[in-house]
Amino acid sequence: MSSSTQPASLNPTLFERAKRVIPGGVNSPVRAFRAVGGTPRFIARAQGAYMWDADGKKYIDYIGSWGPMILGHGHPAVLEAVQKAATEGFSFGAPTEREVELAEEILKHVPSMEMLRLVSSGTEAGMSAIRLARGATNRPKIIKFEGCYHGHADSLLVKAGSGLATFGHPTSAGVPPEVVQHTLVLEYNNVQQIEEAFALHGKDVACIIIEPIAGNMNFVRASLPFMRRCRELCTQHGALLILDEVMTGFRVALGSAQSLYAKAIPGFKPDLTVLGKVIGGGMPLAAFGGPRAIMEQMAPLGPVYQAGTLSGNPIATACGLATLKEIAKPGFYESLAKKTRSLVDGLQTAANGAGVPFVGDSEGGMFGFFLLPQLPQNYTQVMKTEGAKFNALFHGLLDRGVYIAPALYEAGFVSAAHSEADIDATLEASTDIFKLMR
Ligand SMILES: *Cc1c(COP(=O)(O)O)cnc(C)c1O
(Lines give C-alpha, C1' and ligand atoms only; values in the text may rest on other atoms or scores of the structure.)
Protein backbone atom coordinates (compact mmCIF):
# COMPACT_ATOMS: atom_id res chain seq x y z
CA MET A 1 0.00 0.00 0.00
CA SER A 2 1.32 3.46 -0.79
CA SER A 3 1.91 5.76 2.14
CA SER A 4 -0.62 8.28 0.81
CA THR A 5 -3.46 5.88 1.69
CA GLN A 6 -2.13 5.65 5.26
CA PRO A 7 -1.74 9.23 6.38
CA ALA A 8 -1.68 8.36 10.09
CA SER A 9 1.38 6.16 9.70
CA LEU A 10 3.29 8.34 7.29
CA ASN A 11 5.14 10.35 9.89
CA PRO A 12 6.57 7.48 11.99
CA THR A 13 7.46 5.72 8.75
CA LEU A 14 9.37 8.73 7.55
CA PHE A 15 11.24 8.96 10.86
CA GLU A 16 12.17 5.26 10.69
CA ARG A 17 13.40 5.77 7.14
CA ALA A 18 15.35 8.87 8.18
CA LYS A 19 16.99 7.05 11.08
CA ARG A 20 18.34 4.42 8.73
CA VAL A 21 20.30 6.93 6.68
CA ILE A 22 20.87 9.99 8.90
CA PRO A 23 22.16 9.74 12.51
CA GLY A 24 19.12 10.15 14.77
CA GLY A 25 17.06 10.87 11.67
CA VAL A 26 17.95 14.57 11.75
CA ASN A 27 20.58 16.92 10.39
CA SER A 28 20.71 19.08 13.54
CA PRO A 29 20.22 17.47 16.98
CA VAL A 30 17.48 19.68 18.50
CA ARG A 31 15.11 18.67 15.67
CA ALA A 32 15.01 15.11 17.01
CA PHE A 33 12.67 15.96 19.95
CA ARG A 34 15.08 14.14 22.32
CA ALA A 35 14.51 16.76 25.05
CA VAL A 36 10.71 16.54 24.93
CA GLY A 37 10.18 12.96 23.75
CA GLY A 38 7.97 11.83 20.89
CA THR A 39 8.45 11.84 17.14
CA PRO A 40 9.66 14.90 15.25
CA ARG A 41 7.24 16.35 12.72
CA PHE A 42 8.51 16.18 9.16
CA ILE A 43 7.50 19.40 7.48
CA ALA A 44 6.15 19.25 3.97
CA ARG A 45 5.51 22.94 3.30
CA ALA A 46 4.96 26.32 4.90
CA GLN A 47 3.18 29.54 4.07
CA GLY A 48 2.94 32.74 6.11
CA ALA A 49 2.71 31.86 9.81
CA TYR A 50 1.89 28.19 9.16
CA MET A 51 3.63 24.91 8.48
CA TRP A 52 2.07 21.63 7.39
CA ASP A 53 3.63 18.33 8.34
CA ALA A 54 3.90 15.24 6.15
CA ASP A 55 0.55 14.03 7.53
CA GLY A 56 -1.13 17.26 6.45
CA LYS A 57 -1.55 18.65 9.98
CA LYS A 58 -1.31 22.45 10.19
CA TYR A 59 0.72 24.30 12.84
CA ILE A 60 1.15 27.93 13.83
CA ASP A 61 4.93 28.22 13.59
CA TYR A 62 6.80 29.92 16.45
CA ILE A 63 10.20 28.56 15.44
CA GLY A 64 10.48 30.27 12.06
CA SER A 65 13.45 28.07 11.10
CA TRP A 66 15.01 29.10 14.45
CA GLY A 67 14.74 32.78 13.65
CA PRO A 68 15.31 33.58 9.96
CA MET A 69 11.67 33.65 8.83
CA ILE A 70 10.89 37.11 10.21
CA LEU A 71 8.51 37.84 7.31
CA GLY A 72 6.81 34.47 7.61
CA HIS A 73 7.16 31.76 5.00
CA GLY A 74 6.90 32.45 1.29
CA HIS A 75 6.76 36.24 1.40
CA PRO A 76 5.93 37.28 -2.21
CA ALA A 77 8.74 39.84 -2.60
CA VAL A 78 11.33 37.39 -1.28
CA LEU A 79 10.02 34.54 -3.39
CA GLU A 80 10.18 36.70 -6.49
CA ALA A 81 13.76 37.78 -5.77
CA VAL A 82 14.85 34.18 -5.21
CA GLN A 83 13.14 32.91 -8.37
CA LYS A 84 14.72 35.65 -10.45
CA ALA A 85 18.16 34.98 -8.96
CA ALA A 86 17.81 31.25 -9.63
CA THR A 87 17.23 31.84 -13.32
CA GLU A 88 20.41 33.94 -13.45
CA GLY A 89 22.61 31.22 -11.98
CA PHE A 90 23.12 29.25 -8.76
CA SER A 91 26.74 29.93 -7.99
CA PHE A 92 29.67 31.50 -9.81
CA GLY A 93 32.64 31.35 -7.46
CA ALA A 94 33.32 34.94 -8.45
CA PRO A 95 32.18 38.28 -7.00
CA THR A 96 28.71 39.66 -7.75
CA GLU A 97 27.07 43.06 -7.40
CA ARG A 98 24.42 41.60 -5.09
CA GLU A 99 27.00 40.73 -2.42
CA VAL A 100 28.08 44.37 -2.38
CA GLU A 101 24.46 45.51 -2.16
CA LEU A 102 23.76 43.15 0.74
CA ALA A 103 26.91 44.24 2.58
CA GLU A 104 25.94 47.90 2.07
CA GLU A 105 22.40 47.25 3.30
CA ILE A 106 23.61 45.47 6.46
CA LEU A 107 26.25 48.11 7.25
CA LYS A 108 23.68 50.90 6.84
CA HIS A 109 21.71 49.51 9.79
CA VAL A 110 24.58 48.37 12.03
CA PRO A 111 27.00 51.30 12.16
CA SER A 112 29.52 49.61 14.48
CA MET A 113 30.64 47.72 11.35
CA GLU A 114 32.48 49.41 8.51
CA MET A 115 33.19 46.22 6.60
CA LEU A 116 31.94 42.67 6.72
CA ARG A 117 32.52 39.33 5.15
CA LEU A 118 29.72 37.01 4.04
CA VAL A 119 29.84 33.31 4.89
CA SER A 120 27.32 30.46 4.83
CA SER A 121 26.50 29.65 8.48
CA GLY A 122 26.56 31.21 11.91
CA THR A 123 29.08 28.61 13.00
CA GLU A 124 31.44 29.70 10.26
CA ALA A 125 30.92 33.38 11.06
CA GLY A 126 31.55 32.95 14.80
CA MET A 127 34.59 30.77 14.26
CA SER A 128 36.05 33.26 11.77
CA ALA A 129 35.38 36.25 14.05
CA ILE A 130 37.29 34.52 16.85
CA ARG A 131 40.19 33.73 14.53
CA LEU A 132 40.22 37.36 13.47
CA ALA A 133 40.18 38.54 17.10
CA ARG A 134 43.11 36.26 17.90
CA GLY A 135 44.96 37.32 14.76
CA ALA A 136 44.35 41.04 15.30
CA THR A 137 45.41 40.98 18.97
CA ASN A 138 48.03 38.28 18.64
CA ARG A 139 46.65 36.66 21.81
CA PRO A 140 45.40 33.11 22.39
CA LYS A 141 42.63 33.20 24.99
CA ILE A 142 38.90 33.73 24.56
CA ILE A 143 36.11 34.24 27.07
CA LYS A 144 32.64 32.85 26.54
CA PHE A 145 29.65 32.40 28.83
CA GLU A 146 27.83 29.29 29.96
CA GLY A 147 24.52 28.95 28.10
CA CYS A 148 25.57 31.05 25.09
CA TYR A 149 25.93 29.22 21.78
CA HIS A 150 28.22 30.46 19.06
CA GLY A 151 28.14 27.51 16.69
CA HIS A 152 29.96 24.21 16.93
CA ALA A 153 33.59 25.18 16.28
CA ASP A 154 35.89 22.90 18.31
CA SER A 155 37.20 25.58 20.67
CA LEU A 156 33.63 26.57 21.62
CA LEU A 157 32.36 23.12 22.62
CA VAL A 158 33.40 23.62 26.19
CA LYS A 159 31.99 23.96 29.67
CA ALA A 160 33.40 25.76 32.68
CA GLY A 161 36.43 24.37 34.49
CA SER A 162 36.62 24.08 38.26
CA GLY A 163 37.78 27.64 38.84
CA LEU A 164 38.87 30.80 37.10
CA ALA A 165 42.48 29.67 36.99
CA THR A 166 41.51 26.55 35.02
CA PHE A 167 40.21 26.52 31.50
CA GLY A 168 37.25 24.53 30.24
CA HIS A 169 36.46 20.89 29.52
CA PRO A 170 35.23 19.74 26.09
CA THR A 171 31.48 19.04 25.91
CA SER A 172 31.79 16.91 22.77
CA ALA A 173 33.77 13.80 22.01
CA GLY A 174 36.31 14.49 19.31
CA VAL A 175 37.53 17.71 20.88
CA PRO A 176 40.90 17.17 22.58
CA PRO A 177 41.34 19.12 25.86
CA GLU A 178 44.29 20.96 24.27
CA VAL A 179 41.88 22.50 21.74
CA VAL A 180 39.79 24.17 24.47
CA GLN A 181 42.69 25.04 26.74
CA HIS A 182 42.46 28.69 25.73
CA THR A 183 38.69 28.98 26.21
CA LEU A 184 37.56 30.41 29.52
CA VAL A 185 33.87 29.81 30.31
CA LEU A 186 32.25 32.18 32.78
CA GLU A 187 28.79 32.69 34.23
CA TYR A 188 26.51 35.01 32.24
CA ASN A 189 25.66 38.28 34.00
CA ASN A 190 28.37 37.75 36.62
CA VAL A 191 30.38 40.99 36.76
CA GLN A 192 32.74 39.76 39.46
CA GLN A 193 33.83 36.74 37.42
CA ILE A 194 34.81 38.77 34.35
CA GLU A 195 36.75 41.17 36.56
CA GLU A 196 38.64 38.28 38.16
CA ALA A 197 39.23 36.64 34.79
CA PHE A 198 40.79 39.79 33.34
CA ALA A 199 42.84 40.32 36.51
CA LEU A 200 44.31 36.84 36.03
CA HIS A 201 44.52 36.53 32.24
CA GLY A 202 44.00 40.07 30.89
CA LYS A 203 47.14 40.30 28.77
CA ASP A 204 46.36 36.98 27.02
CA VAL A 205 42.66 37.57 26.28
CA ALA A 206 41.91 38.10 22.58
CA CYS A 207 38.16 38.56 22.98
CA ILE A 208 34.93 38.15 24.84
CA ILE A 209 32.23 36.57 22.69
CA ILE A 210 28.67 36.99 23.97
CA GLU A 211 25.03 36.79 22.90
CA PRO A 212 23.61 40.18 24.01
CA ILE A 213 20.25 38.51 24.54
CA ALA A 214 21.06 34.86 25.05
CA GLY A 215 18.53 33.02 22.90
CA ASN A 216 20.27 29.70 23.32
CA MET A 217 19.22 29.63 26.96
CA ASN A 218 15.69 30.66 25.97
CA PHE A 219 15.74 34.41 26.58
CA VAL A 220 18.19 35.95 29.03
CA ARG A 221 19.27 39.56 28.61
CA ALA A 222 22.79 40.65 29.42
CA SER A 223 22.21 43.18 32.21
CA LEU A 224 23.37 46.74 31.51
CA PRO A 225 26.06 46.71 34.25
CA PHE A 226 27.35 43.39 32.90
CA MET A 227 27.48 44.51 29.26
CA ARG A 228 29.06 47.81 30.29
CA ARG A 229 31.75 45.99 32.27
CA CYS A 230 32.44 43.59 29.38
CA ARG A 231 32.99 46.61 27.14
CA GLU A 232 35.18 48.45 29.67
CA LEU A 233 37.37 45.46 30.47
CA CYS A 234 37.93 44.64 26.80
CA THR A 235 38.93 48.25 26.12
CA GLN A 236 41.21 48.46 29.17
CA HIS A 237 42.99 45.21 28.38
CA GLY A 238 43.17 45.55 24.60
CA ALA A 239 40.78 42.66 23.96
CA LEU A 240 37.96 42.73 21.41
CA LEU A 241 34.28 42.53 22.32
CA ILE A 242 32.43 40.26 19.89
CA LEU A 243 28.64 40.42 19.94
CA ASP A 244 27.19 37.24 18.53
CA GLU A 245 23.98 38.56 16.99
CA VAL A 246 23.31 35.53 14.80
CA MET A 247 19.95 35.24 16.53
CA THR A 248 19.26 38.81 17.70
CA GLY A 249 20.58 40.56 14.58
CA PHE A 250 17.69 42.22 12.69
CA ARG A 251 15.37 40.11 14.88
CA VAL A 252 15.03 42.27 18.00
CA ALA A 253 15.46 45.64 16.21
CA LEU A 254 16.55 46.94 12.82
CA GLY A 255 19.83 48.03 14.43
CA SER A 256 20.08 44.63 16.16
CA ALA A 257 20.53 44.19 19.94
CA GLN A 258 23.59 46.44 19.95
CA SER A 259 21.36 49.43 19.07
CA LEU A 260 19.38 48.80 22.27
CA TYR A 261 22.54 48.65 24.40
CA ALA A 262 23.91 51.75 22.66
CA LYS A 263 20.77 53.64 23.72
CA ALA A 264 21.32 52.67 27.36
CA ILE A 265 25.14 52.80 27.52
CA PRO A 266 26.54 55.99 25.97
CA GLY A 267 29.14 55.25 23.29
CA PHE A 268 28.58 51.50 23.47
CA LYS A 269 29.57 49.42 20.46
CA PRO A 270 31.13 46.03 19.91
CA ASP A 271 34.43 45.57 18.07
CA LEU A 272 33.11 42.69 15.99
CA THR A 273 29.57 41.59 15.21
CA VAL A 274 28.47 38.14 14.09
CA LEU A 275 25.24 37.87 12.09
CA GLY A 276 23.26 35.03 10.52
CA LYS A 277 19.67 33.75 10.49
CA VAL A 278 17.54 36.83 9.51
CA ILE A 279 20.16 38.28 7.13
CA GLY A 280 19.73 35.18 4.97
CA GLY A 281 15.93 35.15 5.17
CA GLY A 282 15.99 31.33 5.36
CA MET A 283 18.92 30.67 3.04
CA PRO A 284 22.41 29.63 4.24
CA LEU A 285 24.00 33.02 4.81
CA ALA A 286 25.85 34.67 7.69
CA ALA A 287 28.41 37.42 8.18
CA PHE A 288 30.95 38.91 10.53
CA GLY A 289 32.17 42.46 10.49
CA GLY A 290 33.69 45.39 12.33
CA PRO A 291 35.92 48.43 11.90
CA ARG A 292 37.97 48.70 8.71
CA ALA A 293 41.31 48.46 10.54
CA ILE A 294 40.37 45.09 12.03
CA MET A 295 38.58 43.70 8.97
CA GLU A 296 41.57 44.52 6.78
CA GLN A 297 43.49 41.88 8.75
CA MET A 298 41.51 39.31 6.73
CA ALA A 299 42.94 37.54 3.69
CA PRO A 300 43.57 38.60 0.94
CA LEU A 301 44.58 41.91 2.57
CA GLY A 302 45.93 40.59 5.83
CA PRO A 303 47.32 37.50 7.54
CA VAL A 304 44.06 35.99 8.90
CA TYR A 305 42.90 33.27 6.52
CA GLN A 306 39.25 32.52 5.78
CA ALA A 307 37.44 31.40 2.60
CA GLY A 308 34.28 29.72 1.25
CA THR A 309 33.24 28.15 -2.07
CA LEU A 310 29.61 29.22 -1.64
CA SER A 311 30.23 32.43 0.37
CA GLY A 312 28.00 35.26 -0.85
CA ASN A 313 25.96 32.79 -2.88
CA PRO A 314 23.81 34.68 -5.43
CA ILE A 315 20.52 33.06 -4.42
CA ALA A 316 21.18 33.40 -0.69
CA THR A 317 22.12 37.06 -1.08
CA ALA A 318 18.96 37.71 -3.15
CA CYS A 319 16.87 36.15 -0.38
CA GLY A 320 18.66 38.12 2.35
CA LEU A 321 18.50 41.39 0.48
CA ALA A 322 14.78 41.09 -0.29
CA THR A 323 14.15 40.23 3.37
CA LEU A 324 16.15 43.22 4.66
CA LYS A 325 14.32 45.60 2.28
CA GLU A 326 10.97 44.49 3.73
CA ILE A 327 11.98 44.71 7.38
CA ALA A 328 13.49 48.18 6.92
CA LYS A 329 10.06 49.59 6.04
CA PRO A 330 8.73 52.13 8.57
CA GLY A 331 6.75 50.66 11.46
CA PHE A 332 7.84 47.07 10.82
CA TYR A 333 9.47 46.47 14.21
CA GLU A 334 6.88 48.45 16.17
CA SER A 335 4.13 46.22 14.85
CA LEU A 336 6.16 43.01 15.27
CA ALA A 337 7.20 43.93 18.81
CA LYS A 338 3.64 44.75 19.82
CA LYS A 339 2.35 41.45 18.50
CA THR A 340 5.11 39.48 20.18
CA ARG A 341 4.53 41.28 23.46
CA SER A 342 0.80 40.56 23.27
CA LEU A 343 1.61 36.85 22.95
CA VAL A 344 3.87 36.87 26.02
CA ASP A 345 1.40 38.97 28.04
CA GLY A 346 -1.44 36.65 27.03
CA LEU A 347 0.55 33.57 28.08
CA GLN A 348 1.26 35.25 31.41
CA THR A 349 -2.43 35.91 31.97
CA ALA A 350 -3.32 32.33 31.04
CA ALA A 351 -0.67 30.89 33.37
CA ASN A 352 -1.67 33.22 36.21
CA GLY A 353 -5.29 32.19 35.78
CA ALA A 354 -4.33 28.54 36.23
CA GLY A 355 -1.84 29.22 39.03
CA VAL A 356 1.11 27.93 36.99
CA PRO A 357 4.46 29.66 37.68
CA PHE A 358 5.37 31.60 34.53
CA VAL A 359 7.53 34.49 33.48
CA GLY A 360 8.19 35.77 29.98
CA ASP A 361 10.06 38.44 28.08
CA SER A 362 10.33 39.65 24.49
CA GLU A 363 12.18 42.10 22.28
CA GLY A 364 11.11 42.81 18.72
CA GLY A 365 10.07 39.48 17.20
CA MET A 366 11.91 37.27 19.69
CA PHE A 367 10.44 35.95 22.92
CA GLY A 368 11.08 33.54 25.72
CA PHE A 369 9.26 32.20 28.72
CA PHE A 370 10.06 30.09 31.73
CA LEU A 371 7.88 28.01 34.02
CA LEU A 372 9.58 29.79 36.89
CA PRO A 373 8.51 32.60 39.22
CA GLN A 374 11.28 35.01 38.09
CA LEU A 375 13.34 35.71 34.99
CA PRO A 376 16.59 33.76 35.24
CA GLN A 377 19.91 35.59 34.85
CA ASN A 378 22.19 32.71 33.90
CA TYR A 379 22.25 29.12 32.67
CA THR A 380 22.04 27.48 36.10
CA GLN A 381 18.86 29.42 36.86
CA VAL A 382 17.37 28.63 33.42
CA MET A 383 17.86 24.93 33.99
CA LYS A 384 15.79 25.06 37.20
CA THR A 385 12.69 24.81 34.97
CA GLU A 386 11.05 21.42 35.50
CA GLY A 387 11.55 19.51 32.27
CA ALA A 388 8.38 17.43 32.68
CA LYS A 389 6.24 20.57 32.98
CA PHE A 390 7.73 22.12 29.89
CA ASN A 391 7.29 18.87 27.94
CA ALA A 392 3.60 18.72 28.90
CA LEU A 393 3.17 22.26 27.62
CA PHE A 394 5.12 21.55 24.43
CA HIS A 395 3.15 18.41 23.51
CA GLY A 396 -0.16 19.98 24.53
CA LEU A 397 0.51 22.87 22.17
CA LEU A 398 1.77 20.63 19.38
CA ASP A 399 -1.38 18.48 19.57
CA ARG A 400 -3.42 21.68 19.31
CA GLY A 401 -1.51 22.87 16.25
CA VAL A 402 0.94 25.26 17.89
CA TYR A 403 4.60 24.57 17.16
CA ILE A 404 7.10 25.98 19.67
CA ALA A 405 10.75 24.97 20.08
CA PRO A 406 11.11 21.37 21.34
CA ALA A 407 13.46 22.29 24.22
CA LEU A 408 13.04 24.57 27.21
CA TYR A 409 16.32 26.40 26.55
CA GLU A 410 15.31 27.72 23.11
CA ALA A 411 13.81 31.10 22.25
CA GLY A 412 10.61 31.62 20.24
CA PHE A 413 9.95 33.77 17.19
CA VAL A 414 6.96 35.68 15.88
CA SER A 415 6.85 36.79 12.24
CA ALA A 416 5.14 39.63 10.43
CA ALA A 417 2.77 37.02 9.00
CA HIS A 418 1.31 36.04 12.38
CA SER A 419 -2.17 37.56 12.73
CA GLU A 420 -4.03 38.59 15.84
CA ALA A 421 -6.22 35.55 15.24
CA ASP A 422 -3.12 33.31 15.31
CA ILE A 423 -2.05 34.82 18.63
CA ASP A 424 -5.59 34.39 20.01
CA ALA A 425 -5.70 30.75 18.90
CA THR A 426 -2.33 30.17 20.57
CA LEU A 427 -3.54 31.73 23.80
CA GLU A 428 -6.71 29.67 23.74
CA ALA A 429 -4.69 26.46 23.37
CA SER A 430 -2.30 27.57 26.13
CA THR A 431 -5.15 28.38 28.51
CA ASP A 432 -6.46 24.80 28.10
CA ILE A 433 -3.06 23.29 28.79
CA PHE A 434 -2.17 25.50 31.74
CA LYS A 435 -5.47 24.41 33.35
CA LEU A 436 -4.47 20.77 32.88
CA MET A 437 -1.01 21.44 34.32
CA ARG A 438 -2.23 23.04 37.50
C1 LIG B 1 22.15 29.81 15.43
C2 LIG B 1 23.27 30.45 16.13
C3 LIG B 1 24.60 30.22 15.75
C4 LIG B 1 25.00 29.19 14.74
O5 LIG B 1 24.49 29.46 13.49
P6 LIG B 1 24.37 28.25 12.41
O7 LIG B 1 23.93 28.94 11.18
O8 LIG B 1 23.39 27.28 12.99
O9 LIG B 1 25.74 27.66 12.31
C10 LIG B 1 25.59 30.97 16.37
N11 LIG B 1 25.30 31.86 17.32
C12 LIG B 1 24.04 32.09 17.72
C13 LIG B 1 23.78 33.13 18.76
C14 LIG B 1 22.99 31.38 17.16
O15 LIG B 1 21.74 31.58 17.60
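Leaving aside its neighbours within four places in sequence, which residues is aspartate 422 in contact with? I found Ala49, Tyr50, Ile60, Tyr62 and Ala417, where contact means heavy atoms within 4.5 Å.

I noted that this is a predicted model, in which local features need pLDDT of at least 70 and side-chain atom pairs count only at pLDDT 80 or more, while totals for chains, interfaces and linings use all residues. Residues are numbered from 1 along each chain as its sequence is written, and side-chain values use heavy atoms, with hydrogens and water left out.

I placed aspartate 422 in helix 13 (residues 420–437); helices (H or I, at least four residues) and strands (E, at least two) are DSSP runs numbered from the N terminus. Its side chain makes a polar contact of 2.5 Å with the side chain of tyrosine 50, and it reaches the backbone nitrogen of serine 419 at 2.9 Å. A polar contact is a pair of N or O atoms within 3.5 Å; within protein, one must be able to donate a hydrogen and the other to accept it, and residues adjacent in sequence count only if both atoms are side-chain atoms.

Next I looked up the sheet, which is open, has seven strands in the order 4-14-13-12-9-5-8, and shows mixed pairing; two strands pair if DSSP finds at least two bridges between them. Strand 4 (115–119) and strand 8 (183–186) stand at the edges with a single partner strand each, so one side of each has no neighbour in the sheet. I also saw that strand 12 (residues 240–245) and strand 13 (residues 272–275) pair in the parallel sense over four bridges, and that glutamate 245 stands opposite leucine 275 in strand 13.
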